[in-house]
Amino acid sequence: MPDPTTPLVSPLVSPDDVAAALDGGTPPVLLDIRWRLGGPPGIDEYRAGHIPGAVYLDLDTQLAAPPGAGGRHPLPDPGALQEVLRDAGVRSGSSVVAYDADNGSVAARAWWQLRWAGHRAVSVLDGGYAAWVAAGRPTSTAVPTPEPGDIEVRPGGMPVLDADQAATLARTGVLLDARAPERYRGEVEPIDPRAGHVPGARNAPFAGHLDASGRWHAPAALAERFAGIGVRTGEPVGAYCGSGVTAASVVLALEASGVTSVDEPAALYAGSWSQWCADPDRPAATGDQPG
């Protein structure tokens, strides 16, 4: 039985872990990060039902700067992010649990961003809201008004790559592309102006983190998957995707697997393909091979 007095600091936590923590003396801050590429807005799902006490944060407007030269989801201004997190009730000593609809690929962006901001006590709910409901846990439509937090956003807690650094890592280390195989191969591109991948990058679709039930694989299975892609413990590794969202789940999976650690995490190319492909001077590789 989970100990409700123990702060939630593991990258992934179960519905039972969260329920026990909520019954403890200092419950975690819950962040609802439901979002889908192309919509509909996640706020509609939140209003229909959420984990009691959870605060909804909008990925597009609260966890990212406006689209532009930095890609579709650039990192937000630290001051703006601090205001968002304080309004959500995040304090310097808070445990935070982020969740999305199911697979954790979106909630991982909030996990990464809090870690980037210098806040380590943050986790992702394995299986998301779907797992919470399937476990028979209570839901609510009430919108909370949390007491303002006091978190101080200090960027630099997680390594970030720019386009030149991503290109170098693809040649000298391992750069993982978290998108679906058909997007990596350049067969389709539903949203960005050019198809393909960063030359030298290897495909590691975020969906590969999940088992048949939609829950994350155990650490050993994740480590075996990354080893099969060519990731080696102690060697430089980074990740990107379409706009720096689902790639955060690769960073999380690398840490959960033990391939990387909280003190030596994988890097994130935050601009990702949306930034890379917008520059006509940047080459695009296609096909199954890294290129």
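**Entry 1: aromatic pairs**

I started by searching the whole structure, a predicted model, and the search turned up four aromatic pairs.

Where do Tyr46 and Tyr56 lie? I found Tyr46 in helix H2 (residues 42–48) and Tyr56 in strand S3 (residues 55–56), so the pair ties together parts that are ten residues apart in sequence. I then checked accessibility. Tyr46 has a relative accessible area of 3% and is buried. Tyr56 comes out at 12%, which also counts as buried because the cut-off is under 20%.

**Entry 2: two tryptophans**

Next I turned to Trp112 and Trp116. Are their rings stacked or edge-to-face? The centres are 6.1 Å apart and the planes are at 10 degrees; planes under 30 degrees apart count as stacked, so this pair is stacked.

Both residues belong to helix H4 (residues 107–116), and being four residues apart there, they are separated by about one helical turn. I wrote down 0% relative accessibility for Trp112, which is buried. Trp116 is buried too, at 7%.

**Entry 3: charges over rings**

I also looked for charges placed over rings. The charged end of Arg34 sits over the ring of Tyr129, and I noted 4.2 Å to the ring centre. Arg282 lies over the face of Trp276, 5.1 Å from the centre of that ring.

**Entry 4: H4 meets H9**

Back to H4, this time with helix H9 (residues 247–257) as its partner. Their axes come within 8 Å and cross at roughly 75 degrees. Angles of 65 to 115 degrees count as roughly perpendicular, so that is how I describe H4 and H9.

Which residues meet here? From H4 I listed Ala108, Arg109, Trp111, Trp112 and Arg115; from H9, Ala248, Ser249, Val251, Leu252 and Glu255. Sorted by class, this contact has six nonpolar, one polar and three charged residues.

**Entry 5: Leu85**

My last stop was Leu85, in helix H3 (residues 78–87). Is Leu85 buried or exposed? Its relative accessible area is 2%, so it is buried. Leaving aside neighbours within four places in sequence, I found Leu85 in contact with Leu57, Val90, Leu114, Ile151 and Val153. I also looked up Ala19, which is 66 residues from Leu85 along the chain; their C-alpha atoms are separated by 22 Å.

Technical notes. Residues are numbered from 1 along each chain as its sequence is written. This is a predicted model: local features need pLDDT of at least 70, side-chain atom pairs count only at pLDDT 80 or more; totals for chains, interfaces and linings use all residues. Side-chain values use heavy atoms; hydrogens and water are left out. Rings of Phe, Tyr and Trp (its six-membered ring) pair if their centres lie within 6.5 Å; planes under 30 degrees apart count as stacked, over 60 as edge-to-face and the rest as tilted. Helices (H or I, at least four residues) and strands (E, at least two) are DSSP runs, numbered from the N terminus. Buried means under 20% relative accessible area, exposed over 50%, partly exposed in between (1.4 Å probe, protein chains only). A charge sits over a ring if NZ of Lys or CZ of Arg is within 6 Å of the ring centre and within 35 degrees of the ring normal. Axes are lines fitted to C-alpha atoms, for helices over the stretch in contact, and angles run from 0 to 180 degrees between N-to-C directions. Angles under 35 degrees count as roughly parallel, over 145 as roughly antiparallel, 65 to 115 as roughly perpendicular and the rest as oblique. Contact means heavy atoms within 4.5 Å. Ala, Val, Leu, Ile, Met, Phe, Trp, Tyr, Cys and Pro count as nonpolar, Asp, Glu, Lys and Arg as charged, and the others, Gly among them, as polar.
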